Structures are given as C-alpha cells and as structure tokens.
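This report describes the fold of one protein for a reader new to structural work. Please look over the sequence and the structure before reading on.

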Amino acid sequence: MNYQETCEYLFCQMPMFERQGASGYKEGLANTKALDEHFGHPHKAYKTIHVAGTNGKGSCSHSIAAILQTAGYKVGLYTSPHLVDFSERIRINGKPIEEEYVTEFVEKEKAFFEPLHPSFFEVTTALAFKYFKDKQVDIAVIEVGLGGRLDCTNIISPILSVITNISFDHTQFLGDTLAKIASEKAGIIKIGTRTIIGEANDETRPVFEEKAREMNAPIVFAEDNPHNDAASLMTDLRGNYQHKNVNTILTAIENLTKLNITEEHIKTGLANVCKLTGLKGRWQTLCEKPLTICDTGHNLAGWEYLSHQIAEQECERTHIVFGMVDDKDIDGVMSLLPRKAIYYFTKADTHRAVASEKLLEKGRSAGLTAEAYHSVEQAYKAAVLNANANDFIFIGGSNYVVADLLKNCF
C-alpha cells in the first residue's frame with residue numbers, strides 16, 4: 001500500500017468515532033495495553049504532558065509544544081482530529097510524521113493488531129507513541145482524544161496533567177451533568193502528578209479536588225492565580241476564547257519546574273504557535289478582502305465566544321458558512337448565532353453531519369436569512385460571490401466544515 005491507500009485502510013477498516021459517531025467509539029483500555037506491551041511501552045522512553053478538557057485542549061497542547069520547542073527541546077505532539085491530512089496528528093517540532101513511517105508501520109504491524117479489532121484511535125495512538133520513541137524526542141505533549149479516564153492515551157505517566165475546562169459535549173459517553181463529565185476528565189490525574197485545572201465551577205471543582213486527594217496529586221487551579229501578563233502576551237491564536245487558554249498555558253509552564261524555560265521562550269513560543277506547530281483552524285485568517293475567517297469551534301461553550309467575536313467585526317455585511325454534526329447541541333448553538341448575518345447552511349463530508357436542509361429549517365424558524373448548500377465548497381463559493389470587499393465571511397460550526405474548506409478551497 002502507498003500512503004493514501006494506508007490512510008484509507010486506517011479510516012475505513014477500523015471503527016472511527018470521528019466518521020461514524022457512537023458506533024466508532026471503543027470503550028476500555030484492553031487493546032491499548034496489548035498494543036503498548038507489543039511495542040515495549042514506548043511512551044516510557046520520554047517525558048509526557050497530558051492535556052484534556054472540553055474546549056481549548058488543542059490550542060493549549062500546541063501552545064505548550066511551541067514554548068517547549070522554543071526552549072530547545074525536541075517535542076512530540078499528538079493531537080486530533082486532523083483537518084487536511086492524517087500526518088497532522090503526529091508531529092515532532094512541528095513537522096508531520098513521514099508518510100513512509102506510516103505505511104511501513106501498518107504493513108509491518110497489521111498482522112498483530114488486526115486480530116484485536118482495534119479502533120482507528122487505538123492504532124493511531126500506538127503509532128504516535130512508537131514514533132516518538134524511535135525519533136528520540138525529549139518530551140511529548142499528548143492530547144486526550146475523548147474524555148480521559150478510558151481514553152487510550154491514558155496509559156502514560158506524565159510529568160504534568162492539564163484539564164482546560166468542562167462543558168457539555170459527548171454527553172452520550174461522558175455523562176449528562178458537568179460533575180459526571182468532570183469525573184471522566186479527572187481520570188487523567190495520576191498518583192503524585194501535579195495537575196493544572198484551567199477553569200472550574202462549583203459543580204466541577206469538588207470533583208477535581210476529590211480525585212486529586214485520592215491520588216495524592218498536587219492540584220493548581222489557574223483561575224485562582226490569574227497571570228497579570230496574560231493579556232499583554234501576544235499569541236498568534238486570535239480567538240477571544242484564547243485569553244483564558246493563555247492563563248492555563250502560563251500556569252502549566254510555570255509548574256514545569258524541572259525544565260529550563262525562560263520568559264523569552266514563553267513570549268516567542270506564544271507569538272509563533274501556528275508557525276512552530278502547524279496549528280490551523282483557530283480564528284484563522286484566510287483572506288483579507290473580504291476578511292475571511294475560519295474556526296473549528298463546534299459546541300455551545302465555543303460559540304458563546306465565537307458569536308460575540310463575529311458580531312464585533314466591523315463590516316458592511318456578515319456571511320456565515322455553517323454546518324454541524326449530529327451529536328452537538330444544535331438548538332443551543334443556533335440560539336447563539338448572530339441574527340444580522342446571511343447564512344449558507346451546509347453539510348460536511350462525514351456521516352455525522354447534519355443535513356443542510358435540516359439546518360435551514362431550524363435557521364429560518366429562528367428568523368435567520370439563509371439558504372442550504374450540499375457541500376462546504378459550494379456554500380463558500382456562494383458566500384464569496386455574494387460578498388464585497390468590505391464584508392466579513394466566517395466559516396465554521398464543525399471541525400469537518402473547516403477541514404472540507406481547507407482541503408477543497410485553499
């Protein structure tokens with residue numbers, strides 16, 4: 001198999017939550033432990049930082065990696081999902097995993113892992129952990145895929161755990177209250193390992209405190225000690241929601257006491273996150289005239305920030321290309337969408353996407369000016385055709401909408 005055939009094999013032959021939803025989710029760590037043992041526990045060959053949370057875990061993971069890179073460390077970065085290419089998930093100092101490594105790994109190891117009937121994420125995690133060992137990274141930043149307690153990344157013994165925040169998402173797996181969701185995320189808290197909590201409330205804070213006591217783990221709530229310099233530090237991630245992320249990141253960095261990280265490393269790393277790590281889709285500018293922005297914010301908590309930032313744009317008219325997947329709070333997000341905008345409802349290329357006609361029905365019922373389009377590319381081109389140089393175009397609502405946009409239009 002060549003690289004593209006290998007990727008299709010991984011996407012299509014294994015259960016994949018990102019494409020299939022609930023049917024692609026495999027609970028439990030049995031396969032992960034079998035794979036880990038087969039490869040000789042590769043994650044033990046380097047230091048790790050574990051990052052969980054409902055929103056912001058991707059931005060925080062990339063930002064921490066950028067700072068560590070700037071400080072001179074060889075840094076592995078494992079995140080999900082990818083937007084354009086599979087290789088985005090596994091990086092070292094911002095460089096994606098080599099296509100040859102992926103194909104050779106699958107060709108050599110599929111005889112072992114196929115009988116396990118593993119999920120896509122289980123195999124991908126094993127690939128990442130082995131790759132980082134083979135390439136001799138100093139430290140790897142590992143983003144949780146879903147939840148925490150039963151996520152297959154949760155076999156690592158990190159030097160620091162980070163939980164960004166808790167809000168309602170993936171409730172069919174993680175629970176229908178914030179306390180239940182927090183309990184699943186708190187599953188990454190390890191014995192004696194310092195844990196940073198970015199944001200908490202009266203419902204989630206006791207959950208984290210109890211788990212930390214149980215694990216005899218020092219716990220730091222970033223909100224309790226806000227960094228006065230957080231607002232003044234420039235990050236190239238421009239979303240309004242990044243302000244709280246920066247405070248979490250700074251708290252995490254200052255608790256990496258055994259690493260040599262200076263203020264200059266922090267400043268330079270934060271200012272160059274996208275350049276250093278390849279991060280895309282976080283209030284990303286695609287065009288200046290008309291100003292065109294995409295963002296992967298995809299749930300209610302994310303849109304509480306995005307809706308305000310979109311409304312703040314100084315422009316003649318706002319055009320919003322919008323799609324969602326079926327396990328999100330569609331009505332909740334729809335209630336937050338700016339009313340003074342022209343909507344281009346669309347369906348991303350995934351089985352989980354909500355039909356554009358359904359979004360159109362909901363949007364028009366809410367009084368929105370809207371039309372439906374059968375692809376992201378079609379919707380985006382319609383927005384461009386209707387916009388003038390002083391308008392504003394936003395594309396988002398789902399990772400998959402942004403992914404389709406970047407693949408097909410840029």
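A nonpolar core is a set of buried Ala, Val, Leu, Ile, Met, Phe, Trp, Tyr and Cys residues joined through side-chain atoms within 4.5 Å. In this predicted model, the largest such core has 35 residues, and those that touch the most other members are L10, F86, I90, F105, F113, L127 and F132. Two or more residues each are given to this core by α1 (3-13), β3 (90-92), α5 (99-113), α6 (120-134) and β5 (139-143). Helix α6 supplies the largest share, nine residues. L127 touches F86, I90, I97, Y101, V102 and F105, with residues up to four places away in sequence not counted. Apart from this core lies another, of 29 residues, including A71, V162, I249 and L250. In soluble globular proteins, nonpolar side chains tend to be buried together.

**The protein as a whole**

The secondary structure comprises 17 helices and 14 strands. A compact globule of 410 residues would have a radius of gyration near 22 Å, and the 21 Å of this protein agrees with that. Along the principal axes, the C-alpha atoms fill a box of roughly 55 × 55 × 40 Å. Of the 410 residues, 60% count as buried. Among contacts with a separation of 6 or more, 76% are between residues 24 or more positions apart. The accessible surface comes to about 17,100 Å², and 48% of it belongs to carbon and sulfur atoms. The protein has 42 positive and 53 negative charges, whose mean positions are 2 Å apart.

**Backbone features**

Most residues other than glycine have a negative phi, and most peptide bonds are trans. The table lists exceptions in this model.

| Site | Feature | Value |
|---|---|---|
| S80 to P81 | cis peptide bond | omega about -5° |
| K289 to P290 | cis peptide bond | omega near -5° |
| H117 | positive phi | phi near 50° |
| W283 | positive phi | phi near 45° |

P81 is found in the loop between β2 (75-78) and β3. P290 has its place in the loop between β9 (284-288) and β10 (291-295). H117 belongs to the loop between α5 and α6, and it counts as exposed because its relative accessibility is 58%, where exposed means over 50%. W283 lies in the loop between α12 (273-277) and β9; its relative accessible area is 7%, so W283 is buried.

P81 also takes part in contacts with N399, a residue of helix α17 (residues 399-409). Leaving aside neighbours within four places in sequence, N399 is in contact with P81, L83, T296 and H298. N399 is buried, with a relative accessible area of 14%.

Conventions: Residues are numbered from 1 along each chain as its sequence is written. This is a predicted model: local features need pLDDT of at least 70, side-chain atom pairs count only at pLDDT 80 or more; totals for chains, interfaces and linings use all residues. Side-chain values use heavy atoms; hydrogens and water are left out. Buried means under 20% relative accessible area, exposed over 50%, partly exposed in between (1.4 Å probe, protein chains only). Helices (H or I, at least four residues) and strands (E, at least two) are DSSP runs, numbered from the N terminus. Contact means heavy atoms within 4.5 Å. The radius of gyration is taken over C-alpha atoms; the globule rule is 2.2 Å times the number of residues to the power 0.38. Accessible areas come from the Shrake-Rupley method with a 1.4 Å probe; for residues, only the protein chains shown count as cover. Lys and Arg count as positive and Asp and Glu as negative; His and the chain ends are not counted. The place of a charge is taken as NZ of Lys, CZ of Arg, CG of Asp or CD of Glu.
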